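Dear colleague,

I am handing over the structure we spoke about, and below it I have set out what was found. Please read the notes with the coordinates open beside them.

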Amino acid sequence: MKKLYIFFSAALAMLCGCTNLDEEVYSNKDMDHFFTNEQELISNAGRAYTKMQGFNGEQSLWTLLLQASDECAVPAHGGEWYSNGRYEEVQTNNIPSTNKLVKKGWDWIFNGIAACNEIIYETELSSVEFEAKDKILAEIRVLRCFYYYEAISGWGNVPFTEDYTETGYPKQKSRKEVYDIIEQEIKDNIQYLDAAPSKENYGRITQAAAYTLLAKMYLNSEAWFGTARWQEAADACKHIIDSGNYIIEDNYDTNFNINDDQSKENIFAIVYDRTYTSTGSTAFYLHTLTLEPASEATFNLHAGPWAGFLCEPDFFQTYDPADKRLAQSWLYGEQYSYTGEDLGFAYEPVFDESKYYNANGGRGDYDGARCRKWAPQTDGSITSYDISQDNDFAIFRYADVVLMYVESLVRQGKSAEAAAVPDFQKIRTRAGLKPYTASELTLDELYKERGREMAWEGWKHEDMIRFGTYLKKHWAHPDQSTETWRNLFPIPADAINANPNLKQNEGYN
């Protein structure tokens, strides 16, 4: 079992401590006496981080972003997975405000924001002062910025509050207003964060995580507001690159295997552990979502996968056959057991999009390549009662920083400089491919390379909008090029009904 890092284990200890009936009840104590040291502050702050674990569920922000992109599909399968059309609605970008994935994604974000607001309030209220206090506050403020970033990325104009004591309905602010607020908050707090990664701050916000978030904000500024900030994006990325704290690992799998907490590409990761995040909203169970039951034998599982999430066929075909990431990311072709036995079936990665629309039938059993990028352990320990994987999930990875840096250079007409970036060249060579020449490094090719390197990591939807491909025809997605309002998700109907200050995004009912 992997080591549980300090914020997670401390928070867990608080939750589990209630078995001692003689222990002191902290709810009856003054806050000055409760938050007496860094460990107790981290324990309380850990609630904001553990909220992150819901990112990767079947119905989650991650699922919404995958379905909205061109990299994943969930076709109906023999009457299963139609789910009242919720996946098809997102895949075809004809999304009603009642769509469940939209609601789940929204709820994850604003539950995280609420947790951050509460923790900041409680920490500031305490008169106890010690060296780590400013760092803890800075971490949670920047984590709140991340949640708000995801809100404006998906929904644009959103309810905004940083006051835990506010009793009224939060007012809706424009995407630009929220953008400016969180940009300044990141800048104001970055000095208090840890400059270098360590075992103690793994899974927590560091300076590199803050600079990565800034880079993403600057990179999307033109698509969102018409204001290019390419050099600022490059500068934020270069700060991380020049720190020397992160590397491109020699093997792509190092970033996604069972012990991926050892990867030196991880900048900010969601921590998972089969013992403590085994089921429900805290678990990471991708193998269950993507594999057919027949693939139990491939990975020595003792749990029946649900066979839903597939690699979208058009996206699969963007890979060069020589690209090592093809086999490292996807399970396709003839299938074998973990002992080498031929299982007698093959996953067919390319199939007709018309099968997507049939609620009563849909795809065949073995249509579609399956994701094996975050492979489950093959020790036989995963059962129907314990479905979580041990893999952590990197929200921010150094390869993404390098690719953002290269993009910011290419967009400034510096393709030769971009092609010569050593870490960018290594991303290509570790995939078994030649580095790009300056003439080969077009924006279109860089877009495809980002897709292959970052597949299913949650950034493709945003990339598609930035590169202008989101509203174009792709697989089951119709051409919506003239309907630019569809670049935003609808605000969930439940949120509109609950808050009279909210106005629905243009084009939605």
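Lys238 counts as partly exposed, at 31% relative accessibility, whereas Asp242 counts as exposed, at 52%. In this predicted model, the side chains of these residues, Asp242 and Lys238, meet in a salt bridge with an N to O distance of 2.8 Å, and both lie in helix α11, 4 residues apart, which is about one turn of the helix.

A second salt bridge joins Asp400 and Arg450, also with 2.8 Å from N to O; this pair links distant parts of the chain, with Asp400 in helix α16 and Arg450 in helix α19, 50 residues apart. Both Asp400 and Arg450 are buried.

In a further pair, Arg144 and Glu162, the closest N and O atoms are 3.3 Å apart, and here helix α7 is linked to the loop between β2 and β3. Arg144 is buried, with a relative accessible area of 3%, while Glu162 is partly exposed, at 32%. The whole structure holds 40 salt bridges, and a network of them links residues including Glu265, Asp323, Arg397 and Glu457.

Arg397, in strand β10, stands opposite Asn266; β4 and β10 pair in the antiparallel sense over 4 bridges, and 5 of the 5 residues of β4 are buried.

As for the nonpolar residues, the largest core has 135 members, of which Leu143, Trp155, Trp330 and Ile395 touch the most others. Helix α7 gives this core its largest share, 14 residues, and apart from it lies another core of 9 residues, among them Leu291 and Phe345.

Best regards

How values were computed
Residues numbered from 1 in each chain as written. Predicted model: local features only at pLDDT ≥ 70, side-chain atom pairs only at ≥ 80, totals over all residues. Heavy atoms only, no water. Buried < 20%, exposed > 50% of the residue type's maximum accessible area, 1.4 Å probe, protein only. Helix = DSSP H or I, 4+ residues; strand = E, 2+ residues; numbered from the N terminus. Pairing = 2+ DSSP bridges. Core = buried A, V, L, I, M, F, W, Y, C linked by side-chain atoms within 4.5 Å. Salt bridge = Lys/Arg side-chain N within 4 Å of Asp/Glu carboxyl O.
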